[in-house]
Amino acid sequence: MNIAVAIDQIPQDALPSASEAGPAPKRIVVTYGFWIFLLSDIVMFAALFASYAVLVHSTASGPTGAQLFNQTTVAIETACLLFSSYTCGLMSLAINSRRYFKTYVGALITLALGAIFLCLEIREFLGMIAIGAAPQRSAFLSAFFTLVGCHGLHVALGLIWLLVMMVQVAVFGFAARVQHRLLCFSLFWHALDIVWVGVFTVVYLMGVSS
């Protein structure tokens, strides 16, 4: 006797309504909220890119990007951040395999590369300010410091987030909630790499060629 019943053969009044089914699981709600956060972040960076594109030539007779940017330093920053995305991916694979040692190694390398990137960026900012190229010098510099600084702030917050997650792995192990938070961090970190590719292209490469 076939006891399988097609869903379209069940009377509609026999199916529970959305309110009767109860709220969505917390994991789904958190994931949905995190994707909204990432999309809102992308929209914010898009607005900063647009502002920079409008103000890039408003130097007020001050220094331009071609005079300020050090391509060697920027290349090292880019290599560090892109390679950190690779090590972050390796960390995610280790988490899925529940391998503590490889997880910590991936996290430590990601932390180190992110810290190097941040230190080089801060040194660049301080060097520009030391020669009088501060944010208030021109609209171009205001847009530059806002865009690049906002990305740097995200990197700093990401490093703090990763440190906290490593503590949680040490305390709670690979619990479901910890793995989910690490997945969210991985998405966040990869999104920062994508944004940096845009910064590197629009700000640094085009800034030197203009």
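Biologist: Where does aspartate 193 sit?

Modeller: In helix α7, which covers residues 176-209. Keep in mind that this is a predicted model.

Biologist: How do you know that aspartate 193 has no salt bridge?

Modeller: A salt bridge needs a Lys or Arg nitrogen within 4 Å of a carboxyl oxygen. The nearest side chain of opposite charge, arginine 123, is 19 Å away, so aspartate 193 has no salt bridge, though the residue is buried.

Biologist: What is aspartate 193 in contact with, leaving aside neighbours within four places in sequence?

Modeller: Leu81, Leu82, Ser84 and Ser85.

Biologist: Why is valine 105 called partly exposed?

Modeller: Buried stops under 20% and exposed starts over 50%. Valine 105 has a relative accessible area of 31%, so the label is partly exposed. You'll find valine 105 in helix α5.

Biologist: Which helix gives the most to the patch?

Modeller: α4, with four residues. Both α4 (71-96) and α5 (100-130) supply at least two.

Biologist: And which residues have the most contacts inside the largest nonpolar core?

Modeller: Tyr52, Phe144, Trp196, Val199 and Tyr204, in a core of 50 residues. The elements giving two or more residues to this core are α2, α4, α5, α6 and α7. Beyond its sequence neighbours within four places, tryptophan 196 is in contact with residues including Val74, Leu81, Phe117, Val148 and Tyr204.

Definitions and conventions:
Residues are numbered from 1 along each chain as its sequence is written. This is a predicted model: local features need pLDDT of at least 70, side-chain atom pairs count only at pLDDT 80 or more; totals for chains, interfaces and linings use all residues. Side-chain values use heavy atoms; hydrogens and water are left out. Buried means under 20% relative accessible area, exposed over 50%, partly exposed in between (1.4 Å probe, protein chains only). Lys and Arg count as positive and Asp and Glu as negative; His and the chain ends are not counted. Contact means heavy atoms within 4.5 Å. A nonpolar core is a set of buried Ala, Val, Leu, Ile, Met, Phe, Trp, Tyr and Cys residues joined through side-chain atoms within 4.5 Å.
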